[in-house]
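Please consult the sequence and structure alongside the text.

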Amino acid sequence: MTRPLIWVPFLGAIALFAVIAWGLFRPADRVIHSALVGQKLPAFTLPPIVPGKPGLSTAAFATGKPRLLNVFASWCIPCIAEAPQLLKLQQAGVEIDAVAIRDTPAAIADFLARNGDPYRAIGDDQASAVQLALGSAGVPETFVIDGQGRIVQQHVGDIREEEVPGLIAAVRNAR
Amino acid sequence: MKWLAILLLALAAPAFADSNQPPAPLANVQLKDPAKEAQAQALMLTLRCVVCQGQSIADSNAEMAGDMRSLVRTRIAAGESSQSIRDWLIARYGDYVSYDPPLSATTAPLWIAPLALLAIGAWLARASFKRRRSS
Amino acid sequence: MLAEAGLAALWFAAALALLQLVLAGLGVWRSAKPALAHDVSTAEIMAAVRPVAVVQGALALAAMLLLIWVFARSDMSVLLVAQNSHSDKPMLYKVAGAWGNHEGSMLLWVTILGVAGAAVALLERSLDRRTLIATLGAQAAIALGFYAFLLFSSNPFARLNPAPADGNGLNPLLQDPGLAFHPPTLYIGYVGISIAFSFAVGAMITRDVGPAFARAMRPWVLGAWIFLTLGITAGSYWAYYELGWGGWWFWDPVENASLMPWLAATALLHSVSVLATRDGLRAWTLMLAVVAFSMSMLGTFLVRSGILTSVHAFAVDPTRGSFILALLAIYIGGALLLFALRVGTVKQGNTFDFVSREGALIANNLLLTVILGIVLIGTLYPIVAAGFGTQLSVGAPFFDKAAGPVALALVAVMAAGPMLRWRRDTAEAVLKRMTLPVAVTGIVLILVAMLGHVAVLPLLGLALAAGLAVASVAPLWMRNLRRTPLFTYGMVLAHLGIAVSLAGMACDTAFTQATLVAARVGVAQRVGPFTVTLDGIKPVIGPNWSALEARLSVRRGETGSVFYLRPQSRFFANPVTVTSESAIATRWDGQLYTVLGEPDGTGRWQLRLWWKPFVTLIWFGGALVALGGALSLLGRLLRARQGKLREGSA
């Protein structure tokens, strides 16, 4: 072995430690973001899930008015936690449409009765088809959709109290 | 260390809360056509479940993995190609969803590494061999 | 009191490790000075190192036994027990639960380290005395770091006041006989490799690298390697039946963490042979010993730091992660620095002809190291990609494509290697000796290809496995079997084991048949040659679980006799978890693997049925490899003893 070559393993180990230390101290973003942010909402049509509330289709977007698309389920506990925030958003004049994942009319009706109903429309997504089409990896998730029907922003997980103003602003800016 | 993987899987388990709804139509049921089922199975093994701890959708109990299996089987049955389904999912979830990293500027070093290692190794090993006498 | 005694044992062991390090350092330093080398106190200092190492190992073992005792008694006033155990658990899982958690498994780690050091101190007689003392010093340095880790950030004996009425329970997925066997086995392998590392460090300090050193190191490497092989094999089988989807290897980071030390240790085993018999690959062998232990430590670290598991983050503990990382950096960085400084002064070993046994062993080392590099890079690449802001998954498709061809090339080299002569051989002669294996490979290739639906990798795998099987028994051909040394049998068996395992993997990939159905009671399902009927579902009660159990009546072919399989869906209360317990019927030609899934709400039950022809060969092959290693070890030890006896009588 030639002289400088002797240092290769040592330098290799240092590179290895650098990678690992980097991974340890700046933990990677574990949230899976939708790659559709910035693009048009994929086309879908979902039937209604509760009587008296319309289902949801892509046509409902692109109306010139920005809105929120909330992906939720009655069996999801963080969805209960974010319900008050959604009500606040609705009171602030934000229109919210929803996709209910793997749910039943009775369970949704019960969920709305308990936790309030901020939704204009709820689509029934039995096999998570629309959720997959949105690039959403769980419930709850909330998408900000602009007036042209483009996805502007994705919010993963339940909406916290302090995040409400930011979302209101995002919807305002999404004309 | 497998047992720790199992432990981690179990820790993650509460994260996929259950809907108590029956699984999607083709989540756990094979396609009638064995060739198409084999094609779907091969694809499912290379797609990452987006809610699990590092499992392919082919071997995950998560509901969402079931929904993804159903999607894959439905589309394969409709005659769509594996590559097109993979591309469709990558367009939505990014490269993360594919266990087969597509070649790009970011993944080029990963794909070149095996060849580079072989070349460097062969070059290093050369030092251990006698030069064949030229005579 | 028991917990306090355990803690005290740990503290004393740590103090002794420090003493061992200081004594060894002083002894080696003094013996290197011409003026002090023959001083009486130098000899006394060096003589003290061995007993200290033995007592240190004994104290670590005592601490581990006390922890097991505390778990067995379900002493809930100990925090670790309260967090990870429950009084309703069967005794086996109470005991095994002692290492089914972070602190306990680290204590097991350091216990094995201490016991291994003690074993070296007690048993190693052939190594040069100064190198041995330096080795024990290196071993003490490693142990000291892990004692510090345990005592300062992972005390397994911490008390909980007030004590709760009962504990949180052990994760049900771990409540399996696999837990009693797999982690300790793998740990003995992982930590056993530390001996190779310490040997290498010792040899670098005393500059004593040669055939004698290699002969002394070989049994220790072999021993660790046997346990690594067993541990990985057992872990694979455990995952196979426990996870319930019929997979036996997932290229999961945690699995890769156990594979990498094995690859490095396998390469080391072969390079040590070259060093021992032909005095070549000196620097390379030292390097591999360092790399092998680095991979063990890296594995320990990767699993605990949580930096590589994905999606939903679980408890990542930066203090603990950084502590192990710091230890890793100190030991590995230090060893490699020593390597860089010293290897220039290690005399270049012999060089070899390309076509020779040595040449094949070098090719083996090259290919194994390349596979190791691929696995390492593939495992860590997601972290690198995250640095570029990309979320990336590297999984089976990458490893199959990148490492698969290299592994097949390695198999070809494996087949040829033992047929080559040492020193010098000719390509023509080798090809002549290889006629039969090559012919068998070709025939199997054609036969399997004629089936039509087998993918390239399993096709080549099967063909090469057949060729390797023939080639690996070739060293016994035309030989006096009674005079053949035991370690030759060991090699034959280990290589044959690889062929068997490879054949199992290829068969499973190529020929597995699956039936996934929503089954109604009484309706027959077909899978492979079997007819499976769901007879009914009934509840069953276990010691700390309740379950829904399906009874499947199974018949092979039209005329076979009926037998029953009972897969379960188990509900554990402490902690609340549902697991599916597969039911497996093992036949000579494969396994029928059945899993009970969920009801679909219309009276049908989800059933997953697989017929996996020859899948058992995977683990049978692994066991053969380990057995081959054991024979080889025995052969080496006997040979060494005979050598001693001969010396004595001469």
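Which residues of chain B does UniProt list for "transmembrane region"? The unreviewed UniProt entry gives residues 108-125 of chain B; UniProt positions follow the numbering used here, feature names are shortened, and annotations may be inferred rather than shown by experiment. The span is 100% helix and 0% strand, with its end C-alpha atoms 26 Å apart. Helices (H or I, at least four residues) and strands (E, at least two) are DSSP runs, numbered from the N terminus.

This is a predicted model, in which local features need pLDDT of at least 70, side-chain atom pairs count only at pLDDT 80 or more, and totals for chains, interfaces and linings use all residues. Residues are numbered from 1 along each chain as its sequence is written, while chains are lettered from A and ligands numbered from 1 in the order in which they are written.

Chain B meets chain C through 48 residues of chain B and 68 residues of chain C, contact being defined by C-beta atoms, placed from the backbone, within 7 Å. On the chain B side, α1 (2-12) and α5 (108-126) each supply at least two residues. The greatest contribution comes from α1(B), with ten residues. By class, this side of chain B has 30 nonpolar, twelve polar and six charged residues (Ala, Val, Leu, Ile, Met, Phe, Trp, Tyr, Cys and Pro count as nonpolar, Asp, Glu, Lys and Arg as charged, and the others, Gly among them, as polar).

Elsewhere in chain B, helix α3 (residues 63-77) has 15 residues that should span 21 Å at 1.5 Å a residue, in agreement with its end C-alpha atoms, 21 Å apart; the expected span is 1.5 Å times one less than the number of residues. Twelve of the 15 residues of α3(B) are buried, a residue being buried if 20 or more other C-beta atoms lie within 10 Å of its own, exposed if 12 or fewer, and partly exposed in between, with C-beta atoms placed from the backbone. The cover over these buried residues includes α4 (129-134) of chain A, together with α2 (34-44) and α4 (82-93) of chain B. Just after α3(B), G79(B) takes a positive phi of about 95°.

In helix α1 of chain A, the buried residues are P9(A), A13(A), I20(A), G23(A) and L24(A). Seen down the axis of α1(A), they fall within an arc of 100°, so they line one face of the helix; the arc is that of the directions from the helix axis to the C-beta atoms. The face turned away from this buried side carries the exposed residues L11(A), A15(A), A18(A) and F25(A).

Conventions: Contact = placed C-beta atoms within 7 Å.
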